[in-house]
Amino acid sequence: MITLYNTLSRKKEEFKPIEPNAVKFYMCGPTVYDFFHVGNARSFVMSDMIRRYLAYRGFDVTFAMNLTDVEDKIIRRANEENQSAKEIADRYADAFFEDAEKLKIRPADSNPRPTEHMDEIVAMIERLVENGYAYEVGGNVFYDVAKFEGYGKLSGKKLDELEAGSRVEVNKEKRNPLDFALWKKAKPGEPKWRSPWSEGRPGWHIECSAMSCARLGETFDVHAGGSDLIFPHHENEIAQSEGANGKPFVNYWLHFGFLNIDDEKMSKSLGNFFTARDVLDNYSAASLRFFFAQTHYRSPLNFSSDGLEAARAGLEKLRVLAEKLKRAKPRAGKDDFDVETHYARFNEACDDDFNFPKGFAVLFDFARDVNRRLAQGEPSETLVEKAGTFLREIAEGVFGVVDFSEDAAADPTLETELIEFLIELRAEAKREKNYALADRIRDGLAERGVRIEDGKSGVTYRKTDA
RNA sequence: GGCGGCGUACCCAAGUGGCUAAGGGAAAGGUCUGCAAAACCUUCAUGCAUCGGUUCGAAUCCGAUCGCCGCCUCCA
């Protein structure tokens, strides 16, 4: 049984998707006006791991992640750089896919964009107007929050308290300061689309309601995003979708904790951020993913080079084990290796609200178990096969921190041939007790990112990870 | 002001009523090695911010205190 913490109920619930073996999963993606930062990356990676875990547990997951390509920040950026909004959006959408691929985030089943769903967006606003949840003023359309009974149910806020606490907003068109824009009339030079009210563009919140509905249905299973989206974004999505469709919107809401720097939230507005691509220049995707997964997805996580360094070092154990298993020359036969217990412990850990830190603990216990057996001599065929499958399914398949398919030995290139040649030379030097030369070869390769290791059954090498 | 969360070893971090408080990093000793590296073995919190309380039993529940953070405004 999988349980997960549902922001809507504020407690762990048993996970029961609408269709027993299928999960419809929507993740709030980026607004494409800049490169995304490592804080964004944390959410994207964690949603990726959750999606992978659900698939590993046998669910047929349909994963949709929007790219917001119409928004004020894009327009502002376009004006700053003297480009069209479309050019900006296209450029950073491309950058998003590049970075996501580098982070080993599996491509979504769909990446809907508002510019491609204008008809659905306009239609949903029309339904909200018809149903009495929205009103038009001078070409703008606003959601009338007072009309929606459940407003505040996700964020735990009460309408009157919100009003009391809200900053004074200078917009006389709104009936209530908390009303939010569904449709914005275009100012001269702004991108615009046709609608019954004016030529303009959708407000930020409506796209997720319209597009999730288009891709996953009026009611779907999981909706995820960063904690800062709980209010107002997700609260507003509920008001829109349920106001328009008259049905429950989402059954389970998942929210990711923030990535902090010096215990403060990393954010663009605070300026204390690193872009994911900059971090990926110095650390591998695997290190970053492990760094993220070591902390529960709902907890805050402090970003630091020490932490990344520790993650990098810790991952070595798994990567080395993967190499050993790949190159093992097993003897025929069986042994008493009990991989089932490892699976059971792993599943039990992660079924509990995606407790990946605990899942990793199981993975390291597994690694110790296997390493201990490998150290005893020739491993059996069953050990190599079962352990390899486990590592491939968990470390590569669920977590994406080990690359099993990457096999340098199977694809000789000039580079690997040269490395192997140098290893031969070193072996020769060692036989002649010319250790100075042997060490020089080893050190020279190490400087270039290739580490040589003398094992019992011969010399192995591997490329050191960032 | 309203609402929510957090404080576990040198660092990161799981554990939310009951075996000896996971796991990773760092550190120390050992096996192996020409020397290393990796791997393996061993050591590393009588204690979980502080003080009270409930209980046969609490890091875990309750109360108070101290410290930190987030949302309420664009933000993953």
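The place of Q240 is helix α7, where helices are DSSP runs of H or I at least four residues long and strands are E runs of at least two, both numbered from the N terminus. This is a predicted model, in which local features need pLDDT of at least 70 and side-chain atom pairs count only at pLDDT 80 or more, while totals for chains, interfaces and linings use all residues. Residues are numbered from 1 along each chain as its sequence is written, chains are lettered from A and ligands numbered from 1 in the order in which they are written, and side-chain values use heavy atoms, with hydrogens and water left out.

Back to Q240. With a relative accessible area of 0%, Q240 is buried; buried means under 20% relative accessible area, exposed means over 50%, and partly exposed is in between, using a 1.4 Å probe and protein chains only. Leaving aside residues up to four places away in sequence, Q240 touches L128, Y143, F180, L182, H205, I206 and S209. A contact here means heavy atoms within 4.5 Å.

Strand β9 (residues 220-226) pairs with β10 in the parallel sense over 6 bridges, and two strands count as paired if DSSP finds at least two bridges between them. For one bridge you can look up, A224 has L254 in β10 as its partner. Strand β10 (residues 250-256) is mostly covered, with 6 of its 7 residues buried. As a general point, side chains in a regular strand alternate between the two faces of the sheet.

H255 is found in strand β10 too. Is H255 buried or exposed? H255 is buried, at a relative accessible area of 5%. Not counting residues up to four places away in sequence, H255 touches T7, L154, G225, G226, S227, I230, H234, Y297 and R298. Two of these neighbours are also polar partners: the side chains of H255 and T7 make a polar contact of 2.7 Å, and those of H255 and H234 make one of 2.8 Å. A polar contact is a pair of N or O atoms within 3.5 Å; within protein, one must be able to donate a hydrogen and the other to accept it, and residues adjacent in sequence count only if both atoms are side-chain atoms. The C-alpha atoms of H255 and R298 are separated by 6.5 Å, although these residues are 43 apart along the chain.

R298 also lies over the face of Y297. A charge sits over a ring if NZ of Lys or CZ of Arg is within 6 Å of the ring centre and within 35 degrees of the ring normal. Here are the two cases to look at:

| Charged residue | Ring | Distance to ring centre |
|---|---|---|
| K157 | F231 | 5.6 Å |
| R298 | Y297 | 5.9 Å |

Y297 turns up again in a cluster linked by ring pairs, together with Y53, Y56, F256, F290, F346, F354, F356, F360, F364 and F399. Rings of Phe, Tyr and Trp (its six-membered ring) pair if their centres lie within 6.5 Å; planes under 30 degrees apart count as stacked, over 60 as edge-to-face and the rest as tilted. By this rule the count comes to 37 aromatic pairs. Take F25 and F63: their ring centres are 4.9 Å apart and their planes at 75°, so this pair is edge-to-face. F25 lies in strand β3 (residues 22-27) and F63 in strand β4 (residues 60-65), so the pair ties together parts that are 38 residues apart in sequence. F25 is buried at 0% relative accessible area, and F63 is buried at 3%.

W183 and W197 make a tilted pair, 6.1 Å centre to centre with 55° between the planes. W183 belongs to strand β7 (residues 180-185) and W197 to the loop between β7 and β8 (200-202), so that pair ties together parts 14 residues apart in sequence. W183 is buried at 0% relative accessible area, and W197 is buried at 16%.

Finally, the whole chain. Chain A has 15 helices and 15 strands, and 52% of its 466 residues count as buried.
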